[in-house]
Amino acid sequence: AHGATIKLKATSINGILSATGAGVEVFGGTWDGNSVSFSFKGLITLGADYCSVQNAIFQNVGSIAIKGVSNANYLTVDRNTIKDAIEYGVYIEGTTADSYGNKIINNNVDTSAANGASGIYLTGDNGLTYFQKQWQVRGNKCKGSATPTAGKVGITTRAIEGITADNIVVG
């Protein structure tokens with residue numbers, strides 16, 4: 001998608017790309033969500049091991065820009081610019097099994113236009129049965145709302161055995 005602009009159809013109920021095979025790499029391009037509201041789905045969804053999204057621009061995101069689904073390991077989200085996400089800029093879950101080696105690094109996430117949005121969210125399940133392990137969230141810049149909804153923050157890592165470092169959160 002390098003150099004291309006891909007825009008979500010106004011009547012869509014899903015995102016633009018769902019990567020279900022191991023090793024899918026998305027490099028560059030502008031991914032425009034067309035401000036379509038579709039609950040808890042990603043413009044790009046990474047659903048298999050060793051997938052990556054790098055150097056892309058996300059704009060007018062009606063839900064989540066980049067979503068990693070449970071059981072996906074060694075995902076890399078690196079050097080992306082995310083603007084106007086309504087729910088999350090980057091959301092990677094590990095809710096049905098432990099997830100390993102996921103990296104969210106060097107991204108610029110701006111959710112300041114939405115009071116109920118979080119910039120980066122790396123999570124295990126609510127019951128603390130499954131966890132993110134051997135993960136990295138570092139070098140990111142997150143700008144959130146000046147008046148956020150309770151519980152919505154720049155970066156959340158509900159995970160163990162990992163590194164959070166060198167991030168900047170404003171708002």
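**Close-up views of a predicted model**

**View 1. Y50, an exposed loop residue.** At 52% relative accessibility, Y50 counts as exposed. The classes are set as follows: buried is under 20% relative accessible area, exposed is over 50%, and partly exposed lies in between (1.4 Å probe, protein chains only). Y50 sits in the loop between β5 (42–46) and β6 (52–54). Its phi is positive, about 60°, although Y50 is not a glycine.

The model is predicted: local features need pLDDT of at least 70, side-chain atom pairs count only at pLDDT 80 or more, and totals for chains, interfaces and linings use all residues. Residues are numbered from 1 along each chain as its sequence is written, and side-chain values use heavy atoms, with hydrogens and water left out.

**View 2. Q134, a loop residue with positive phi.** Q134 lies in the loop between β16 (132–133) and β17. Strands here are DSSP runs (E, at least two residues), numbered from the N terminus. Q134 has a phi near 55°, a positive value in a residue other than glycine. Is Q134 buried or partly exposed? Q134 is partly exposed, with a relative accessible area of 45%.

**View 3. The open sheet of 6 strands.** The order is β3-β6-β9-β13-β17-β20, and the pairing is parallel. Two strands pair if DSSP finds at least two bridges between them. β3 (25–27) and β20 (163–165) stand at the edges, each with a single partner strand, so one side of each has no neighbour in the sheet. The twist averages 5° from one strand to the next. For such angles, axes are lines fitted to C-alpha atoms (for helices, over the stretch in contact), and values run from 0 to 180 degrees between N-to-C directions.

**View 4. Strands β13 and β17.** β13 (residues 103–105) and β17 (residues 136–138) pair in the parallel sense. Their pairing runs over 3 bridges. Which residue of β17 is the bridge partner of I105? The partner is R138.

**View 5. The open sheet of 7 strands.** Here the order is β1-β4-β7-β10-β14-β18-β21, again with parallel pairing. The edge strands are β1 (5–7) and β21 (168–170), and each pairs on one side only. From one strand to the next, the twist averages 10°.

**View 6. Strands β14 and β18.** β14 (residues 108–110) and β18 (residues 141–143) run parallel. How many bridges join them? There are 3 bridges. D110 has K143 as its bridge partner in β18. Strands of a sheet pair through backbone hydrogen bonds, either parallel or antiparallel.

Conventions:
Helices (H or I, at least four residues) and strands (E, at least two) are DSSP runs, numbered from the N terminus.
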